[in-house]
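Open the model in your viewer and keep the selection tool at hand. We will go stop by stop.

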Amino acid sequence: MATSLSKEGNEVVKPFKIFVGYDPREDIAYEVCCHSILKKSSIPVEIKPIKQSELRKNGLYWREKGQYESTEFSFSRFLTPNLANYEGWAMFVDCDFLYLGDIKELRDLVDDKYAVMCVQHDYVPKETTKMDGAVQTVYPRKNWSSMVLYNCGHPKNSALTPETVNSQTGAFLHRFQWLQDDEIGSIPFVWNFLEGHNKVVEGDPSTFPKAVHYTRGGPWFEAWRNCDFADLWLSERDEYLNDAKKPIRS
């Protein structure tokens with residue numbers, strides 16, 4: 001973990017950088033995801049949205065929208081090492097996550113021998129559509145890129161330039177084809193617990209999610225109001241909305 005020294009010589013830990021995919025259609029999902037991270041985190045974090053409009057304005061993103069892109073951050077997510085100045089560790093996560101565990105536990109899993117670390121799902125969705133009617137696609141390593149710890153300073157990740165992200169295929173990017181297999185570290189599935197796919201084993205607390213991923217569609221869409229763990233997300237949403245109403249005290 002990157003550190004810096006204060007004037008007194010004491011070690012100061014830099015905030016852990018977290019980049020969250022943002023889509024205007026899912027603004028509330030983004031806000032609730034951030035709220036859940038901040039509420040549970042015992043370490044300093046710096047959360048930034050990956051907004052396509054801002055990336056285009058800044059000349060970092062210019063590729064045309066493809067027919068199978070279900071969100072505005074389908075490809076822009078791979079700019080994470082660039083946005084972190086190719087330094088230290090940073091996380092990318094889709095906005096349709098709800099964090100139930102302390103992000104410190106996840107950050108503490110990092111291993112510098114890897115270029116990236118993620119939950120290595122073996123996932124084949126049953127549905128043909130997801131979220132607000134977007135087409136559900138099937139491909140190797142599906143959902144691996146939905147939550148990734150990037151070793152941004154790793155030499156291999158220097159390949160993720162804006163030019164690469166804007167020109168390479170979805171297969172190249174989402175399957176991590178700029179890396180060798182042994183450069184991809186594994187994280188326990190509970191940190192990217194796929195609603196409707198992963199299961200909690202009764203009596204086994206190690207299977208309870210630390211981060212629920214509403215990959216099929218979350219309770220912010222009417223069609224998914226009754227999905228698994230919907231009550232947890234709705235409770236977090238209400239808490240976020242109540243907190244947002246509180247006056248700011250100087």
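Select Arg-25: at 45% relative accessibility, Arg-25 counts as partly exposed (buried means under 20% relative accessible area, exposed over 50%, partly exposed in between, with a 1.4 Å probe and protein chains only). The structure holds 13 salt bridges.

This is a predicted model: local features need pLDDT of at least 70, side-chain atom pairs count only at pLDDT 80 or more, and totals for chains, interfaces and linings use all residues. Residues are numbered from 1 along each chain as its sequence is written, and side-chain values use heavy atoms, leaving out hydrogens and water.

Next, select Arg-77 and Asp-94. Both are buried. They form a salt bridge too, at 2.9 Å from N to O.

Go on to Arg-216 and Glu-195. Their closest N and O atoms are 2.6 Å apart, in a salt bridge. Arg-216 is buried at 15% relative accessible area, and Glu-195 is buried at 0%.

Last stop: the largest nonpolar core, with 68 residues. Such a core is a set of buried Ala, Val, Leu, Ile, Met, Phe, Trp, Tyr and Cys residues joined through side-chain atoms within 4.5 Å. Select Met-91, Tyr-99, Met-147 and Phe-176, which touch the most other members. What does Tyr-99 touch? Its contacts (heavy atoms within 4.5 Å) include Cys-33, Ile-37, Val-93 and Trp-191, not counting residues up to four places away in sequence.

Conventions
Salt bridge = Lys/Arg side-chain N within 4 Å of Asp/Glu carboxyl O.
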